[in-house]
Amino acid sequence: MKRILIIGATSAIAEHCARIWAARGDALHLVARNEQHVQVIASDLKVRGASEVTTYVTDLNNMDKHEELLDVADAALGGVDIVLITHGTLSNQKSCELSVKETLAEIQTNALSTISLLTLNANKFEAKQSGTICVISSVAGDRGRASNYVYGTAKAMVTAFTSGLRQRLQKSNVSVVTIKPGFVDTPMTAEFKKGLLWVKPISVAESIVRAIDGKKTEVYVPQFWYVIMLIIKILPTKIFKRLDL
Amino acid sequence: MTNLTKIYGWGRYPQQDAYLHAPPSSASLEFTAKQQDSVLARGMGRSYGDSANALNVLQTTYINHFIEFDKATGKLTAEAGITLREILEVIVPSGWFLPVTPGTSYVTLGGAIASDVHGKNHHIAGTFGQHVKSLSMLLGTGEVVTTSPQHHADLFHATCGGMGLTGIIISATIQLLPIKSSFISQKTIKADCVEAACEAFESNSNATYSVAWIDCLSKGKSLGRSVIMLGEHAAQGGLDIDIRQKVTVPFSTPSALLNSVTMKAFNTAYWQRAKHNVSQTVSLMPYFYPLDAVGEWNRLYGKKGFVQFQCVVPKLDGVANMRKLLTEISNSGEGSFLAVLKQFGTANENLLSFPIEGYTLALDFKASETAIKTVKRLEDMVVDMGGRLYLTKDAVMQESTFKATYPNWEKFEAIRERYGAVGKFSSSQSKRLGLA
């Protein structure tokens, strides 16, 4: 039985990971903003087999609460083996372009709050010399593109941060897994027209759980995004800047 | 800024452009529903024709949580968008099974109730709705009410089998069936014509499960030759369940692959392979859901899709009438290999529930103008026989047929009026059938 802390537990990807862990009989501590929604999920996970489910309601942008949040999780689970950080918002690029406030708010939610949690959690795991930290970043962080570079900037920060953290914690037996999903069919992306590149949250969740089990480092989900992003990354800037991506 | 998306039922015929709303929780489902003029809840989209098609569709994809499962009493409460497959994964290892199950596990709880689905045990257990203790639903007025056979009974009996036209089912409590094993003891009987098949149902009416695969292409003496499969829950074998899907049809195959030659060959081979009076133990998933092992098998019918015809004819003169229908089908030469014959027990009090005491026949036709003509000819015959067609399978029934064969339709409309459903909940099918 694993003791797992899930931050952003009402996201579709987080919920499907939780269902896989529940079926295995793991103990789960769910952190989310919407009390009613997280309670519905908690009851569901109990029926699906989780040995224990506890919840903590907070707005993760309130970083003053992060230390308390992690302490409560530690107490509820009797120690944490795995932490999965999935919270975030899909920025509206167009309105960010017109508002500094909105741009910074998106970076706060998608990068700074995550970095705060990572910092605090890394120190806890480093001290006990064990644990797995898994963070959902995005392929959008691999190279800034006109269509969503605010979101991409935040995710680039998360990817770079976890890369460094991974090196640092290597000697402490703590693994840091960075997940880079492509297009996922969730309520967050409900308004997009879906094509061939889209996948269901359940298949992303299966990949995440596999990546955590296998102590992977950086994982593109699905894997074909590795190839797509490789091409996008190596395009010379002279050409890249003219593209409509 | 939601986009129009093409939607269709399991038969992939007919298709329609729709606005899809997929609320992430039941609270936002209520909010979204209130914002639309007219909506329809849609689950897995496994009804065959246009009964889950509408311009504004509320997908219950994310409304799929378990609420409570009492392992001691077998009482299960869950949200409407959960699939029977997810339910099985949780309940079977605890020694419980669905009291009634259709031939696929890829349907939602809400869909099973709205279609008042039946299974191989209809003659003993009735329909799915008969095992629903209570359900919580959103009305056209914006209210959320709990209904049961005791409370708002009129609404309850209109909603079970009501095709989503009375409101949106949010959650339901059902009573499960205790089992000792996840295996089924199956017995196979061969019947060399439809009369022998009906006789076999009669003489095995105490079997818990019974269903027949029927050859709709054979003629003359062997018209309606059948392989009847009887089943009982086994007492031993453990409670493991394997819900992994084996293979998926990756894309629509050229529909020419399913033609009268290949189907005849399949049917003959199936008949020859079956052994008379043989008993064996099989596991639950392949017994109840043989086609679920092949993901998206509907693609085998090609891009144009298929229409399914499922009728029931009353027991009186039922055997002779079944022969008439089969003669018409085998003469058309268009019936496919997936044909099923089953004896139904008595009808229930749900207003639009399909089963009546008698014999039911279900088969697919590759969608084409001639096939639709054949289906319409069969429809007229069924009306004359005092039978009816299954709304969940229907894509082409005429309004006059519906109103003549579902005599409770006016009571149904009165209840919809009473609970604010008129004008708020409708489907392409309900419009075709002349419901307000």
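**Figure 1. The contact between chain A and chain B.** In this predicted model, the contact is made by 12 residues of chain A and 14 residues of chain B. Two residues count as in contact if their C-beta atoms, placed from the backbone, lie within 7 Å. On the side of chain A that touches chain B, five residues are nonpolar, three are polar and four are charged. Here Ala, Val, Leu, Ile, Met, Phe, Trp, Tyr, Cys and Pro count as nonpolar, Asp, Glu, Lys and Arg as charged, and the others, Gly among them, as polar. Residues are numbered from 1 along each chain as its sequence is written, while chains are lettered from A and ligands numbered from 1 in the order in which they are written. Because the model is predicted, local features need pLDDT of at least 70 and side-chain atom pairs count only at pLDDT 80 or more, whereas totals for chains, interfaces and linings use all residues.

**Figure 2. Chain A as a whole.** Chain A contains nine helices and seven strands. Helices (H or I, at least four residues) and strands (E, at least two) are DSSP runs, numbered from the N terminus. The C-alpha trace of chain A spans about 55 × 40 × 35 Å along its principal axes. Of the 245 residues in chain A, 44% are buried. A residue is buried if 20 or more other C-beta atoms lie within 10 Å of its own, exposed if 12 or fewer, and partly exposed in between, with C-beta atoms placed from the backbone.

**Figure 3. Helix 3 of chain A.** Helix 3 covers residues 66–77 of chain A, which makes 12 residues, and reaches 17 Å from its first C-alpha to its last, close to the 16 Å expected at 1.5 Å a residue. The expected span is 1.5 Å times one less than the number of residues in the helix. A:His66, A:Leu69, A:Leu70, A:Ala73 and A:Leu77 are buried in helix 3 of chain A. Seen down the axis of helix 3 of chain A, these buried residues fall within an arc of 95°, so they line one face of the helix. The arc is that of the directions from the helix axis to the C-beta atoms. The buried residues of helix 3 pack against strand 1 (3–7), strand 2 (27–32), strand 3 (52–57) and helix 5 (100–128) of chain A. On the other side of helix 3 of chain A, A:Glu68, A:Asp71 and A:Ala75 are exposed. Just after helix 3 of chain A comes A:Gly78, with a positive phi of about 70°.

**Figure 4. The surroundings of B:Gly95.** B:Gly95 sits in the loop between helix 2 (84–91) and strand 7 (96–97) of chain B. B:Gly95 has 16 other C-beta atoms within 10 Å and is therefore partly exposed. Not counting residues up to four places away in sequence, B:Gly95 touches B:Pro178, B:Ile179, B:Lys180 and B:Leu239.

**Figure 5. Strand 12 of chain B and its partners.** Strand 12 (residues 183–191) and strand 16 (residues 278–283) of chain B pair in the antiparallel sense over six bridges. Two strands pair if DSSP finds at least two bridges between them. In strand 16 of chain B, B:Thr281 stands opposite B:Ser185, and B:Ser279 is the bridge partner of B:Lys187. Strand 12 of chain B also runs antiparallel to strand 14 (residues 226–233) of chain B, with eight bridges. There, B:Lys190 stands opposite B:Val227 of strand 14 of chain B.
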